[in-house]
Amino acid sequence: MRARPFRVSRRTRRVGIGAAVAVVLAGMNGPAIWGYASAKYHDYKINQPGYKAANGHWKVVDMPREYRINTIHAALLHTGKVLLVAGSGNNAANFDAKSFRSVLWDPEHNTYKNIDTPKDLFCAGHTQLPDGKLLVAGGTQRYEKLEGDVTKAGGLMVVHNEDPDKPMALPAGTRFTGGKSGKTFESNDPLLVPRAKKTQGEGGKVTVTASTARVYVEALGQGPKYETGLTDNYRIEGLKGKDAQNLYGIANKLSFDKKDFQGIKDSFEFDPIAERYVPVDPMREARWYPTLTTLPDGRVLSVSGLDEIGQVVPGKNEIYDPKTKKWSYLPKERFFPTYPALFLTDKGRIFYTGSNAGYGPADKGRVPGLWDLESNAFTEVPGMSDPDTLETSMSVLLPPAQAQRYMVLGGGGVGENKKSTAKTRIVDLHDPRPRFRDGPDLYAKARYPSSVILPDDTVLTTNGSGDYRGRSDSNVLKAELYDPRTNTKRAVADPLVGRNYHSGALLLPDGRVMTFGSDSLFGDRANSKPATFQQQMDLYTPPYLFRDSRPELRDTAPRTVKAGEKTTYDTAHSQAIRKARLIRPGSFTHVTNIEQRSIELELSKTANDITVTLPEDTSLMPPGWYMLHVIDDQGTPSEAVWIKVPRVGDPD
């Protein structure tokens, strides 16, 4: 008897086909399923108590949409609030519309306030003043235009005044007509030309030296026929009599070459109590990308930047006096590239680490050294590794400030160069012969890393990108803590988003760190899509805030304490407290935060209180507001209490 052939039932076939389809679909979607599962596991892992205690934790700040801006600058104020400044936010449409933004953020209550912003403070400089106001100086007069985008011939017009008896004010729209070419150009901005200088020599002979002022001019029409050739003298239209004889312009070739960003002279003090910008005396030089450094007496040094015609200011540096609200030139010149990292040292000199951002020749003003403002002497500090990658590097005065050890982290080549480095370099200025030596490498090659001094004497460094402005999807989502005492580092929780150009970070009074900004050039690895400015702000809670106890100071009302004086606080944690640190609030922009410093305080204690003594050296501790943290035997810092250190000679 012949056996019947085996036949698969319909039900079995349906199940088999379904299983086969499932296998095929699983094969096709395996990476997505695996990615989803991995993301879920990652979220689970980073939220575990043990992980947070070891690595810290990141979270997104819940910011209402109407307050989201392209944050370019951020500064912590003594009210505990943070001033976020965009200006036009690297957006030419905003600039043309005169839409300039600043937002005041209260981290404690997560509240926001729009601040009227009178000028385009995009790419200004800023620093803390002795009375707690924030000095903001410079900004944008005109956006750059690349070669090919320039539609009107233009350039620099140098206006001369031979009249020793009076200055001359020329309004925007003043016209200049060439004697040789007959072509007419128009100024974009108002101009004040000082009176000529008159001197009397031997025998009563009087000599008059013409004064000069510079202004950017453009042709009245578009097209190559308006371009000029060589140097020409220009008659100023609308002037009559002696004014027409005494005032004239001289310009070289006026062309269609690339036009760089141009700066402004405007200066403001932001008042944290009134919460508004107050105009003060403008700088002597227009500056875009300047650095402002506070000096031991509370005055402020302003250095570098692009001027009103888009050239790097040629070494003309100036000082702001907050008592008179006036600027004055330093008697001698010294050139730096834009946004140079200039730190006040404990001997009153200025230390240039070599870090900078943006503009300037590759072979000028880029060597680190100590600058004596009185003599203008500059002593080079050797030993820098990868010296051609200091642009977009980060510099930090390592804690405590008394040690005078500085670290330079990462960086890249000049301009849009693809080169970047993972090097860290450390120098001890108390060494008889200071010299940079390499520290442990960063987590990756990185331009634009952000470093923040923490109250426990460690330094948090986060983010950056391997290429210029995150090009080719090169953002680095890494963070690490560096311990200067052991010269070691360790990885901590990864940041939530990439941050490169126009990003930064600040220590907050509660011991957390806020990060902001990022202005990638492209939005994809192929560099084929434009990027969107990263408006998200994040908060990093360091590992020390996931411990069981935390020291606390009572009677936390702000106090005024002079250099060298003592002050006492009640506390229930006296026996556990091991050290005290006075930390200057940060003011961050373009990989530059020369304000931040952590000063070791002499500490004594009884059963119920602690007493701290401030150092006497005002070059170590320039006047202004500071955060006082005490740190316990577990390395956990208290929340900050605010101390005002007045200028020497100021009343209490």
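Which residues does Ser 304 touch, not counting residues up to four places away in sequence? Hi everyone, let's start there. In this predicted model, Ser 304 touches Arg 287, Tyr 289, Pro 290, Val 312, Val 313, Asn 317, Phe 336, Pro 337, Thr 338 and Pro 340.

Where does this serine sit? Ser 304 is in the loop between strand 23, residues 300–303, and strand 24, residues 318–321. Is Ser 304 buried or exposed? Its relative accessible area is 2%, and because the cut-off for buried is under 20%, Ser 304 counts as buried.

The side chain of Ser 304 reaches the backbone oxygen of Pro 337 at 3.0 Å.

Now let's turn to empty space. Rolling a probe the size of a water molecule over the atoms shows where empty space is left. How many cavities of 30 Å³ or more does the structure hold? There are eight of them.

The largest cavity contains about 80 Å³ of space. Strand 6 and strand 22 each supply at least two lining residues. By class, the lining has four nonpolar residues, six polar and one charged.

The second largest cavity has a volume of about 70 Å³. Strand 22 turns up here too: strand 22 and strand 26 each give at least two residues to this lining.

Finally, the pockets. The largest pocket holds about 1300 Å³ of space. Of its 41 lining residues, Gln 141, Asp 189, Pro 190, Lys 265 and Glu 308 lie nearest the centre. Which strand gives the largest share of the lining? That is strand 16, with six residues. The lining of this pocket has 20 nonpolar, four polar and 17 charged residues.

The second largest pocket has about 620 Å³ of space. It is lined by 27 residues, and the closest to its centre are Glu 144, Tyr 359, Tyr 468, Arg 469 and Tyr 501. Its lining splits into 14 nonpolar, six polar and seven charged residues.

Notes: Residues are numbered from 1 along each chain as its sequence is written. Side-chain values use heavy atoms; hydrogens and water are left out. Helices (H or I, at least four residues) and strands (E, at least two) are DSSP runs, numbered from the N terminus. Buried means under 20% relative accessible area, exposed over 50%, partly exposed in between (1.4 Å probe, protein chains only). A polar contact is a pair of N or O atoms within 3.5 Å; within protein, one must be able to donate a hydrogen and the other to accept it, and residues adjacent in sequence count only if both atoms are side-chain atoms. Contact means heavy atoms within 4.5 Å. On a 1 Å grid over the protein atoms alone, a cavity is a set of points where a 1.4 Å probe fits but cannot get out, and a pocket is an open set with protein on both sides within 12 Å along at least five of seven lines; lining residues have an atom within 4 Å of a point. Grid points are joined across faces, edges and corners, and a volume is the space filled by probe spheres set on the points. Ala, Val, Leu, Ile, Met, Phe, Trp, Tyr, Cys and Pro count as nonpolar, Asp, Glu, Lys and Arg as charged, and the others, Gly among them, as polar.
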